Amino acid sequence: MVRFEKVAKRYGDGPEILHDVSFALAPGSLHFVTGASGAGKTALLNIMALAERPSAGALKLFDIDAEAASRTVRARLRRRIGMVFQDCRFVDDRSIAENVALPLQIDGAPLPRRRDNVAALLEWLGLADKSELRPPALSAAERQRVALARAVVRGPDLLLADEPTGIGDEINALLFVDALERMLQRGTTVVVATRDTAFADRFGHPRLHLDGGTLSGGVAS
Amino acid sequence: MGWLWPRSLPIPRNAGRWHLAAIVAVMAYLAALCGVEVIALNDARAGWNRTLDGTLTLQLPPDTSPARLEVVMALLRRTPGVTAAQPLQPAETARLLEPWLGKSVPVDIMPLPRLVDVRIDPGAAPDLAGLQQRLHEVAPEAQLQDHRNWLARLLGLTSRLRIVAVGIVVATIIVAAMTAAAAAAGGFARDADRIMLLHALGAEELDIGRALVIPAAGLGLLGGAIGAVAAAVTVRALAGSMQSLGVSSVAPALGDYRILALLALVVLAGCIVVAAAAATVTWRHLLRLP
């Protein structure tokens, strides 16, 4: 499903953020990526989401060499990935429903399908009554749920979440992980980056720990 | 046509789009007027070539007697290379002066020179120095005016004017392209977060590019159309003014197929230049995305 081989990442002439990172994730698994701030978690997730290119190494997604793939193939791979960004990233002049529908809009899905899928998702996440609001009108926890809805609206094969526990509300964090586990049950591979190692250890899923850009201790559970 | 239209990506329209359309309109206006000027110059050159190549004008003092005029005419007719010689009647001379003097000036009481229209064989032109010499012997104040030298200078001037007009057209294209490129780069910088989000969500570069370039091309088309219409109004007004002065032949008519083709070309060029510049800048930015 996901294979990193000796992946390194460096921005410009700066220090290496990731160094010789190698691992493989099986389909239908949930992994936490842990590490302190600056350990390289976001860089790792961005490379996995094809939002950045590694400086060195090989990346295989769904058995396709993502680095050798054409731009069109990389775009198609991105459509199989759902990403919950740390800063959520919305189109602020569009409604919540329109933001959640964005991936389907990119796919060219017909309007009725978009409307039905988005309505069902917002209902599931308890945001049905907020669908016409704009993102800035929501609380941090609500924004995160909207970001999750947008990430799963296509039914992705790979779901990535960057610091979903960072909003400081334990109940919301637990609800968020609960939603991720439901995606796991439908066969989605899930990767969650968090600096809260204790929180990650509460769920018994395998953990990739980054220490100064290096994967330390391999995969632990 | 499905390949032409992008999936409707939520990329806002450029707030400064009317500036781009306005600049393209001004550039299209200038280019269209320069094009009209080139057509008018070409027409004038052809007309001058047709009427002046192979002609001389002999100017005699106003008090030249009919007998002396006859001597001069006989001399001209005998000269090898002269195919015809015809003295202009005073009424005809007065008509030639009317555009400068107006109708109210009594030209019949003015001391107008006697003019003789001399046709020569362009392939076997007479010895003009010798002819002038012989004319001096029978009419010392006779002046032989060779239009070919004047025509050559006039044609040289029109060639230079044509080069200037083409230079202005090239400059307008460069300015329009640079404006479109700057607008595209500014739009990309302003909407960078949104474009990166769409890219991260799986939008293809081609779809993003189309969503940015097609509206820019529309603005180029609009600007080109406004400039072409303004140029058409100007040409019509100029033609009207010239007609009232009796020099309508200098300005080509608005209904002339070449003018219509030129205006259509200006509209199309506005669209193509803006689209090409916007596409170049947009694609360069899109290729930087991972």
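These legends go with close-up views of a predicted model. Being a predicted model, it uses local features only at pLDDT of at least 70 and side-chain atom pairs only at pLDDT 80 or more, while totals for chains, interfaces and linings use all residues. Residues are numbered from 1 along each chain as its sequence is written, and chains are lettered from A and ligands numbered from 1 in the order in which they are written.

**View 1. Chain A on its own.** Chain A has 7 helices and 10 strands (DSSP runs, H or I of at least four residues for helices and E of at least two for strands, numbered from the N terminus). Its radius of gyration is 17 Å, close to the 17 Å that the globule rule gives for 221 residues, so chain A is as compact as a globular protein of that length (the radius is taken over C-alpha atoms, and the rule is 2.2 Å times the number of residues to the power 0.38). Along the principal axes, the C-alpha atoms of chain A fill a box of roughly 45 × 40 × 35 Å.

**View 2. Where chain B touches chain A.** Here 13 residues of chain B are in contact with 19 residues of chain A (contact: C-beta atoms, placed from the backbone, within 7 Å). On the chain B side, helix 6 (residues 192-200) gives the largest share, 4 residues. That side divides into 7 nonpolar, 2 polar and 4 charged residues (Ala, Val, Leu, Ile, Met, Phe, Trp, Tyr, Cys and Pro are nonpolar; Asp, Glu, Lys and Arg charged; the others, Gly among them, polar).

**View 3. Helix 2 against helix 4 in chain B.** The axes of helix 2 (residues 66-78) and helix 4 (residues 128-138) of chain B come within 10 Å and cross at roughly 155° (axes are lines fitted to C-alpha atoms over the stretch in contact, and angles run from 0 to 180 degrees between N-to-C directions). The two helices of chain B are therefore roughly antiparallel (angles over 145 degrees). V71(B), V72(B) and L75(B) of helix 2 meet R134(B), L135(B) and V138(B) of helix 4. Sorted by class, that makes 5 nonpolar, no polar and 1 charged residues.

**View 4. Helix 5 against helix 7 in chain B.** Helix 5 (residues 147-190) and helix 7 (residues 205-244) of chain B pack at about 145°, their axes 11 Å apart. A180(B), A183(B), A184(B) and G187(B) of helix 5 touch L212(B), A216(B) and G220(B) of helix 7.

How values were computed: Parallel < 35°, antiparallel > 145°, perpendicular 65-115°, else oblique. Contact = placed C-beta atoms within 7 Å.
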